[in-house]
Amino acid sequence: MNNCQAMLLEFRIEAETTRRVLERVPADKLTWKPHERSMSLGQLALHIATVPAGIARITQPDAFDVSGNNFTPPSPENVEQVHAALEQSVQVVVATLAGATDEVATGDWHLMLGERELACQPRVEVWRSLMLNHWYHHRGQMSIYLRMLDVPVPSIYGPSADENPFS
């Protein structure tokens, strides 16, 4: 199993977990924020839904220039938009990882600010850190939002205080 196949297997498993978390987002609380500096529930949900595809897209070329890009997460109009965005994101990542050779995966990818290089890493490392680890981080953040809203938190890597599939 090469790097991409292993990552694709992990991604498919984690996509199911992400679906469970996003299914709990209450439609009437999309504008709720736990703090004034926090993303709203809707912004966070849409960010979680779109991060994997966004990273897959920006790593297709050998470089990505961050100047001129807006990284403020948009607000969804409804939860259906979040679920549709996740499904589209899953399709993009599956196609990217299934179609990537080891040469592409281990090839250098450059993060640029205009002419200045901010980072240079093999794509597979960017996929691991920004596509997957970043995704997991925000999914954990979402579980806290759900808890604060008294929404039952689904099982993620084991039973939650609200759900024990083993009892």
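The report that follows takes the helix pairs in turn and then moves on to the pocket.

## Helices that pack together

Because this is a predicted model, everything said here describes a computed arrangement of atoms.

| Helix pair | Distance between axes | Angle |
|---|---|---|
| α1 and α2 | within 11 Å | roughly 165 degrees |
| α2 and α5 | 9 Å | about 165 degrees |
| α3 and α5 | within 14 Å | roughly 150 degrees |

Helix α1, which covers residues 3-22, passes α2 in a left-handed crossing. On the side of α1 the contact is made by Phe11, Thr18 and Leu22, and these meet Ala45, Ile48, Ala49 and Pro52 of α2. Sorted by class, the residues of this contact comprise six nonpolar, one polar and no charged. An angle over 145 degrees counts as roughly antiparallel, and with axes that cross at roughly 165 degrees, α1 and α2 are therefore roughly antiparallel to each other.

Helix α2, residues 41-58, also packs against α5, and this crossing too is left-handed. From α2 the contact draws on Leu41, Leu44, Ala45, His47, Ile48, Val51, Pro52 and Ile55, while α5 contributes residues including Val126, Trp127, Leu130, Met131, His134 and Trp135. The contact of α2 with α5 holds 14 nonpolar, four polar and one charged residues. With an angle of about 165 degrees, α2 and α5 are therefore roughly antiparallel to each other.

Helix α5, residues 123-148, has a further partner in α3, residues 79-99, and α3 passes α5 in a left-handed crossing. Here Leu86, Val93, Thr96 and Leu97 of α3 touch Trp127, Met131 and Trp135 of α5, and this set of residues divides into six nonpolar, one polar and no charged. Since the axes cross at roughly 150 degrees, α3 and α5 are therefore roughly antiparallel to each other.

## The largest pocket

Rolling a probe the size of a water molecule over the atoms shows where empty space is left.

The elements that give two or more residues to the lining are α2, α3 and α5, and α2 gives the most, with eight residues. By class, the lining consists of twelve nonpolar, nine polar and one charged residues.

Conventions: Residues are numbered from 1 along each chain as its sequence is written. This is a predicted model: local features need pLDDT of at least 70, side-chain atom pairs count only at pLDDT 80 or more; totals for chains, interfaces and linings use all residues. Side-chain values use heavy atoms; hydrogens and water are left out. Axes are lines fitted to C-alpha atoms, for helices over the stretch in contact, and angles run from 0 to 180 degrees between N-to-C directions. Helices (H or I, at least four residues) and strands (E, at least two) are DSSP runs, numbered from the N terminus. Angles under 35 degrees count as roughly parallel, over 145 as roughly antiparallel, 65 to 115 as roughly perpendicular and the rest as oblique. A crossing is left-handed if the near helix is turned anticlockwise from the far one by less than a right angle, and right-handed if clockwise. Contact means heavy atoms within 4.5 Å. Ala, Val, Leu, Ile, Met, Phe, Trp, Tyr, Cys and Pro count as nonpolar, Asp, Glu, Lys and Arg as charged, and the others, Gly among them, as polar.
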